[in-house]
Amino acid sequence: MSEMNTKDFLIGSLIGGIVGASAALLLAPKSGKELRNDLNEQAQLAKEKTTQLTSTAYDKGNEWASYAKEKSASIAKVVSDQSAQVVDKVKEVTSNVKADAEETKELADELAGEVGEAQAEVKETVKREVDEIQAKIEEEASQTK
């Protein structure tokens, strides 16, 4: 905001100076030839100042453009680096999850095998016990007859 006020002040001062100089020249008691010479000199001064201000504005514009380029390149590099870090982290987490899932599957397969074996053992044990109980019942039944 202060830049805008400074710019407005400079423009106002320049215009005011030109108007004041023109009024002084026109109201001064001089001959036409002297007045034309003075007007030409003032016009040359105004042209030089305008050229100087244009050059300064162009230089400042280039300076700000290069500054903006540097900053945007720096920001782009930081964003790129952070994006690469995020991608690497996601890949790492994905591989860890995949490994954990494979390990869990292996454990589940192993547990299923053990459950199957235990089931077969329990079935065999129950059958043997039932056969033994049946044999004892038949033996006692034959002894009581």
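This is a predicted model: local features need pLDDT of at least 70, side-chain atom pairs count only at pLDDT 80 or more; totals for chains, interfaces and linings use all residues.

Colleague: Got it. How many helices and strands does the protein chain have?

Modeller: There are two helices and zero strands. Helices (H or I, at least four residues) and strands (E, at least two) are DSSP runs, numbered from the N terminus. Helix H1 covers residues 2-27, and helix H2 covers residues 32-144.

Colleague: And what does the C-alpha trace span along its principal axes?

Modeller: About 165 × 20 × 15 Å. The radius of gyration is 50 Å, whereas a compact globule of 145 residues would have one near 15 Å. That radius is taken over C-alpha atoms, and the globule rule is 2.2 Å times the number of residues to the power 0.38.

Colleague: Switching to charges: which side chains meet in salt bridges?

Modeller: The count comes to two salt bridges, where the rule is a side-chain nitrogen of Lys or Arg within 4 Å of a carboxyl oxygen of Asp or Glu. Lys-77 meets Asp-81 at 3.2 Å, N to O. Lys-105 forms a salt bridge with Asp-109, with the closest N and O atoms 3.3 Å apart.

Colleague: How far apart in helix H2 are Lys-77 and Asp-81?

Modeller: Lys-77 and Asp-81 are four residues apart, so about one helical turn separates them. Lys-105 and Asp-109 also lie in helix H2, four residues apart, about one turn of the helix.

Colleague: Are those side chains buried or exposed?

Modeller: Lys-77 counts as exposed because its relative accessibility is 53%, while Asp-81 is partly exposed at 36%. In the other pair, Lys-105 is exposed at 53% and Asp-109 is partly exposed at 45%.

Colleague: Nice. What about aromatic pairs, how many are there?

Modeller: One aromatic pair turns up. The rings of Trp-64 and Tyr-67 have centres 5.9 Å apart and planes at 85°, so the pair is edge-to-face. By the rule, rings of Phe, Tyr and Trp (its six-membered ring) pair if their centres lie within 6.5 Å; planes under 30 degrees apart count as stacked, over 60 as edge-to-face and the rest as tilted. Both residues lie in helix H2, three residues apart, about one turn of the helix. Trp-64 is exposed, with a relative accessible area of 55%, and Tyr-67 is partly exposed, at 44%.

Colleague: Which residues make a nonpolar surface patch?

Modeller: Ile-11, Ile-15 and Val-19 make one of about 270 Å². Patches are made of residues with over 30% relative accessible area and no salt bridge: like charges are joined within 9 Å, nonpolar side chains (Val, Leu, Ile, Met, Phe, Trp, Tyr) within 5 Å. Val-19 is found in helix H1 and counts as exposed at 53% relative accessibility.

Colleague: One last thing: what does the side chain of Thr-50 reach?

Modeller: The backbone oxygen of Ala-46, at 2.7 Å. Thr-50 is found in helix H2 and is partly exposed at 42% relative accessibility. The backbone oxygen of Thr-50 in turn lies 2.7 Å from a polar atom of the Thr-54 side chain. Thr-50 and Leu-14 are 36 residues apart in sequence and 9.6 Å apart in space, C-alpha to C-alpha.

Conventions: Residues are numbered from 1 along each chain as its sequence is written. Side-chain values use heavy atoms; hydrogens and water are left out. Accessible areas come from the Shrake-Rupley method with a 1.4 Å probe; for residues, only the protein chains shown count as cover. Buried means under 20% relative accessible area, exposed over 50%, partly exposed in between (1.4 Å probe, protein chains only). A polar contact is a pair of N or O atoms within 3.5 Å; within protein, one must be able to donate a hydrogen and the other to accept it, and residues adjacent in sequence count only if both atoms are side-chain atoms.
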